[in-house]
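Student: Please take me closely through one part of this model, following its pairing partners and then its surroundings. I would like the cut-offs behind each term as you go.

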Amino acid sequence: MEAVYEQGEQALADFLPEIEESTLAGHLAEAEQTAEDRDEFIKVKKWTLDGRILTAGVIQQGADLPVMVVVALEEPGTA
């Protein structure tokens with residue numbers, strides 16, 4: 001299972017530059033991770049963008065399912 005997590009973390013690391021070097025980069029402010037984030041994600045990075053929260057992370061929704069890299073833009077309080 002650890003190898004699968006490592007692959008997910010690498011996929012996220014490969015994807016993060018697309019966010020951090022995008023035209024949005026000047027509008028992003030790094031956001032603090034919550035305890036809920038640490039429970040839900042294997043690895044996660046968050047930013048605020050115009051009052052919304054941009055989250056990029058690695059999740060596994062079930063023990064038998066593969067890990068996934070997800071990116072979400074949400075209004076605060078809707079997660």
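Tutor: Isoleucine 53 has glutamate 74 as its bridge partner in strand 4, where strands are DSSP runs of E with at least two residues and helices are runs of H or I with at least four, both numbered from the N terminus. The model is a predicted one, in which local features need pLDDT of at least 70 and side-chain atom pairs count only at pLDDT 80 or more, while totals for chains, interfaces and linings use all residues. Residues are numbered from 1 along each chain as its sequence is written, and side-chain values use heavy atoms, with hydrogens and water left out.

Leucine 54 stands opposite leucine 73 of strand 4, and in total 7 antiparallel bridges connect strand 3, residues 52–59, with strand 4; two strands count as paired if DSSP finds at least two bridges between them. Strand 3 is also joined to strand 2 by 7 bridges, again running antiparallel, with arginine 52 of strand 3 opposite leucine 49. Strands 2 and 3 form a hairpin with 2 residues between them, and aspartate 50 in that turn has a positive phi of about 50 degrees. Taken as a whole, the sheet is open, with 4 strands in the order 1-2-3-4 and antiparallel pairing; its edges are strand 1 (29–30) and strand 4 (68–74), each of which pairs on one side only.

Strand 3 is largely enclosed by the rest of the structure, because 6 of its 8 residues are buried, where buried means under 20% relative accessible area, exposed means over 50%, and partly exposed lies in between (1.4 Å probe, protein chains only). Arginine 52, in strand 3, is partly exposed at a relative accessible area of 26%. Residues up to four places away in sequence aside, arginine 52 touches Trp47, Leu73, Glu74, Glu75 and Pro76, contact being heavy atoms within 4.5 Å. The C-alpha atom of arginine 52 is separated by 17 Å from that of threonine 23, a residue 29 places away along the chain.

In helix 1 the buried residues are Gly8, Leu12, Leu16 and Ile19, and they pack against strands 2, 3 and 4. Helix 1 bends by about 25 degrees at aspartate 14, with proline 17 following within four residues; the bend is the angle between axes fitted to the seven residues ending at a position and the seven starting there.
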